[in-house]
Amino acid sequence: MITDKGAIHGEWAGKYAFFLAATGSAVGLGNLWKFPYVAGSSGGGSFILIYLLCLFLIGLPLMMAEIMLGRMGRQSPVNTLRRLAKVHGLSGSWKWLGVTGMLIAGLILSYYSVIGGWAFAYTVRAASGLFTGQTMDGVVSLFSRFASDPEHLLAWHTLFMLATVMVVSRGVKNGLELAVKWLMPALGIILIVLVVYAVKNADVNNAFAFLFHPDFSKITPDVVLTAMGHAFFTLSLGMGAIMVYGSYIGQRSSICGLSIAIILTDTLVAILAGLAIFPLVFSFQLEGVMIQSDPGLLFRIFPYVFGQMPAGTLMGTLFFILLSIAALTSAISLLEPAVAWLVETRGMTRPRASAWAGFSVWFLGLGSMLAFTGLTLRDMLTAVSVWLGHYDPGLENRFYDLSFFAMIDYLTAKFLLPVSGILIAIFSGWLLKAEVTRQELSLPDWAYHCWRTLVRYVAPTAIFIVLLNATGALMWLGRLINH
Ligand code: PHE
């Protein structure tokens with residue numbers, strides 16, 4: 001039977017190790033940078049309510065499904081899906097879901113690594129006391145000089161990717177597990193120190209009001225899509241990271257209990273990050289700056305904040321170490337599916353597979369890196385077409401105003417992850433037989449029925465409606481029916 005077989009890549013020492021690794025994957029830049037801003041500006045408490053609904057009605061059943069599939073297949077997502085499809089008499093094309101997952105992971109990691117590189121760079125800058133006494137204009141210009149300097153960006157992007165490759169190449173036990181065992185507790189401690197500092201010294205009331213005051217007037221279809229897309233992104237769902245981690249899990253751990261623990265921890269970290277960041281933002285009256293949200297935000301305002309406050313060098317260094325750790329433990333889970341696949345199908349050694357996968361993603365990351373220096377898709381495509389000898393590629397469409405980074409971010413978080421989510425739900429809820437999933441999840445009857453209802457009906461329908469709604473297709477259908 002499949003489930004008795006161990007993974008060829010190794011296994012976690014126990015369920016705590018898996019919990020740390022999966023939480024390490026889930027807690028990332030999404031929690032520290034995206035969540036606080038998006039929650040505050042998209043309706044506060046009412047956004048958080050929708051987000052929590054998405055986490056538990058869609059995120060939880062899908063996370064359980066991914067871990068379950070991983071543990072049943074015991075291989076990289078591509079081979080897990082291929083194998084399960086074969087054993088259960090389904091079409092071999094399901095392996096493509098694993099292939100697209102791997103590609104999505106590569107796309108996300110390509111820009112994640114660039115931003116992770118910034119976090120590394122800013123740790124060094126903070127520790128060297130560079131921010132002490134800087135004005136707002138000073139730190140903004142520091143950042144723009146940094147972000148428009150391809151050589152610097154390249155060096156840090158490369159360093160971040162090398163760190164990721166190094167951890168992954170050492171394998172499940174000596175690489176991934178060892179890294180999260182030290183890094184995750186460090187992350188927890190640093191976060192608590194920062195929250196205590198912010199709550200003691202800064203404007204907590206306004207921060208609370210901004211983060212939690214419900215404003216239903218701000219809830220639009222796009223906000224709902226944002227909440228759902230973010231639920232996928234923050235839980236690392238829809239692209240195989242959790243599935244591949246699930247394939248290294250021991251047989252006896254409770255998938256449901258672990259998933260709930262991971263989701264609660266991820267949400268707690270996101271909220272704590274909000275409580276560490278916003279009191280400072282309000283104390284220094286930076287709400288105005290906060291509104292223009294982009295990944296550079298934390299790097300533009302925090303050096304100023306840390307430069308002005310007592311013990312700022314220490315707090316600033318801790319803050320950027322926190323960001324670096326969160327980024328690194330997520331990055332390793334983004335590289336792992338491809339590395340496991342290369343080891344299985346190409347017979348490569350782990351270090352070699354990690355190097356190849358890392359290099360490909362590093363190369364793709366150059367696109368996002370250039371995007372952060374200010375280039376749009378139009379600039380890039382024009383350059384390529386000039387290089388190829390065509391001078392007028394005809395790029396009038398406003399779409400080309402987007403940057404390479406914005407395009408990848410939109411495509412992955414708001415489209416590809418939800419669509420893969422629907423397919424994972426169909427595979428585990430409709431195509432695998434009930435007795436198989438019941439045995440694998442080993443839940444009490446009522447809980448199993450809840451899971452199956454959520455994964456068969458609620459999750460796919462909700463994802464589908466939100467996607468239709470956000471693309472305007474639902475309005476169009478409504479008009480069609482009314483005529
Ligand atoms: N969950 C991570 C975050 O919140 C991002 C991520 C997505 C990591 C997908 C792995 C896989 O930042």
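A nonpolar core is a set of buried Ala, Val, Leu, Ile, Met, Phe, Trp, Tyr and Cys residues joined through side-chain atoms within 4.5 Å, where buried means under 20% relative accessible area with a 1.4 Å probe and protein chains only. The model is predicted, so to speak of local features requires pLDDT of at least 70 and side-chain atom pairs count only at pLDDT 80 or more, whereas totals for chains, interfaces and linings use all residues. Residues are numbered from 1 along each chain as its sequence is written, and side-chain values use heavy atoms, with hydrogens and water left out.

Begin by selecting Trp-12 and Phe-299, which touch the most other members of the largest nonpolar core, a set of 175 residues.

Return to Trp-12 and display its contacts, meaning heavy atoms within 4.5 Å. Beyond its neighbours within four places in sequence, Trp-12 has contacts that include Phe-18, Val-172, Leu-176, Tyr-245 and Tyr-248, and also Lys-173 and Glu-177.

Next, select helix 5 (residues 95–127), whose end C-alpha atoms are 47 Å apart, in agreement with the 48 Å that its 33 residues should span at 1.5 Å a residue, the expected span being 1.5 Å times one less than the number of residues. Of those 33 residues, 27 are buried, so that helix 5 is mostly covered. Just after helix 5, look at Gly-129, which takes a positive phi of about 80 degrees.

On a 1 Å grid over the protein atoms alone, a cavity is a set of points where a 1.4 Å probe fits but cannot get out, while a pocket is an open set with protein on both sides within 12 Å along at least five of seven lines, and lining residues have an atom within 4 Å of a point.

Finally, select Met-102, Leu-103, Gly-106, Ala-338 and Val-361, which lie nearest the centre of the second largest pocket, a space of about 280 Å³. Helix 5 gives the most to its lining, with 7 residues.

Key: Buried < 20%, exposed > 50% of the residue type's maximum accessible area, 1.4 Å probe, protein only. Helix = DSSP H or I, 4+ residues; strand = E, 2+ residues; numbered from the N terminus. Points joined across faces, edges and corners; volume = space filled by probe spheres on them.
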